[in-house]
Number of protein chains: 2
Amino acid sequence: MARAGLTAERLTRAGAELADEVGFDQVTVSALARRFDVKAASLYSHLENSQDLRTRIALLALEELADRAADALAGRAGKDALTALADVYRDYAREHPGRYAAAQLRLDPATAAASAGVRHARLTRALLRGYELGEPDQTHAVRLLGSTFHGYVSLEMGGGFSHSAPDTQETWDRILDALDALLRNWPAPTAPLSDDAH
Amino acid sequence: MARAGLTAERLTRAGAELADEVGFDQVTVSALARRFDVKAASLYSHLENSQDLRTRIALLALEELADRAADALAGRAGKDALTALADVYRDYAREHPGRYAAAQLRLDPATAAASAGVRHARLTRALLRGYELGEPDQTHAVRLLGSTFHGYVSLEMGGGFSHSAPDTQETWDRILDALDALLRNWPAPTAPLSDDAH
DNA sequence: GGTGTTTGCCTAAAGGCTGTAGGCAGATTC
DNA sequence: GAATCTGCCTACAGCCTTTAGGCAAACACC
């Protein structure tokens, strides 16, 4: 019986490809085994279980994304950097929808802390050096950017903006204009309404 | 054999509760049958299949969300309306995480067009009447708000902001301040960089 | 190059979920 | 009360997950 040369890494990479082809939630130990022309049970020497496979794919996607983000930000600042980072997320999601979905997998806190997720936060913070924001506004801005990028990409991929003018590229450009303007002119907090002011 | 009185509606509502308890992707025909103390095969008289069940739960969630949004917007304008709408999404996601996840299910175009999804777009547009935006900026703004609300809520629920100061309520308030400021002062498009401007 | 050990993929099997087909017994109708 | 309809049942087939135990290829060492 010829050996297939399985390793956790090869399985993870193949799983990521499979995710991009058929969707992250269609990634199954059985389908992956089929791709290697091997019985499903054989994968359990390399993977703990099905969840382990999904987690590995998620971690791979987070790494790839962080690598791309780091490349994109190198040598850029201000709006240029903002656009570059935003496009990294959007382009990655378009090129690798399954991997992008994987990157949204909820990780347990320990795994998340050891993942490339922390690099993403650091990179976004680096981007904000081009704008003049102190704490805690910088943290708020990191979260705003993360929310908007992720929200936009996930709605666009899910077809939420389809069948309507104007096209999504124009909206994307204008949203980046808007975020840039906002970061250059971050508003002071408004006074909360008092409780008895009906 | 006592009859359980199953209907598609009762199954959908129970499915939504199940989703909130165990997560939307754990909602299965088997688990739902168990909850009614009935065999799984019996549900197939009322549901076409497992996907049909998930779609019905998604449509229910979209309706509930649109109803809440309509209530929240009634009699409010400007920042007050913006905050109210945003809180509808965030609160719904917190109270009903499974339903909220269901509302993100990708629907086929015909189903989506007949769903309460269109009410959401209309309501957001109504909210923007309090700001002075013509087309196509209004559409861009609808998409920005949708993206930011959804992105924030989904990152917060997924634990993306956990274990870090400042707390998420403060960020949420400041993001709403920021969006309000942005809508009151929507920037003109920036000129695109020409290709040879390195 | 033989021998022993490790390692990789195998078969077997149990358990769960989806979905179809056909049956029987309450509920409904006249 | 009889006939019909409807709702839930059993049985079964197919696929996925996961564990247990086996055999043979690869490696390590003399």
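In α8(A), the residues G146(A), S147(A), T148(A), H150(A), G151(A), Y152(A), S154(A) and L155(A) meet G146(B), S147(B), T148(B), H150(B), G151(B), Y152(B), S154(B) and L155(B) of α8(B), where contact requires C-beta atoms, placed from the backbone, to lie within 7 Å, and where helices (H or I, at least four residues) are DSSP runs numbered from the N terminus. The residues of this contact divide into four nonpolar, 12 polar and no charged, with Ala, Val, Leu, Ile, Met, Phe, Trp, Tyr, Cys and Pro counted as nonpolar, Asp, Glu, Lys and Arg as charged, and the others, Gly among them, as polar.

This is a predicted model, in which local features need pLDDT of at least 70 and side-chain atom pairs count only at pLDDT 80 or more, while totals for chains, interfaces and linings use all residues. Residues are numbered from 1 along each chain as its sequence is written, and chains are lettered from A and ligands numbered from 1 in the order in which they are written.

Helix α8 (residues 137-157) of chain A and α8(B) pack at an angle of about 105 degrees, their axes being 7 Å apart; the axes are lines fitted to C-alpha atoms over the stretch in contact, and angles run from 0 to 180 degrees between N-to-C directions. The two helices α8(A) and α8(B) are therefore roughly perpendicular to each other, a term that covers 65 to 115 degrees.

The contact between the chains as a whole takes 32 residues from chain B and 32 residues from chain A. On the side of chain B that touches chain A, the elements giving two or more residues are α8 (137-157) and α9 (168-184) of chain B, and α8(B) gives the most, with 12 residues. Of the interface residues of chain B, 97% are also interface residues in chain A, so the copies meet through the same surface.

Chain B can be laid on chain A with an RMSD of 0.1 Å by a turn of 180 degrees and a shift of 0.0 Å along the axis, the superposition being by least squares on the C-alpha atoms of residues with pLDDT of at least 70 in both. That is the relation of a two-fold axis, and in chain B the C-alpha nearest the axis belongs to G151(B), 1.8 Å from it.

The DNA remains to be described. Around DNA strand D there are 21 residues, the closest being T28(A), S30(A), A41(A), N49(A) and S50(A), with a residue taken as near when its C-beta atom, placed from the backbone, lies within 6 Å. Helix α2 (residues 29-35) of chain A gives the most to this surface, with three residues.

Technical notes:
Contact = placed C-beta atoms within 7 Å. Parallel < 35°, antiparallel > 145°, perpendicular 65-115°, else oblique.
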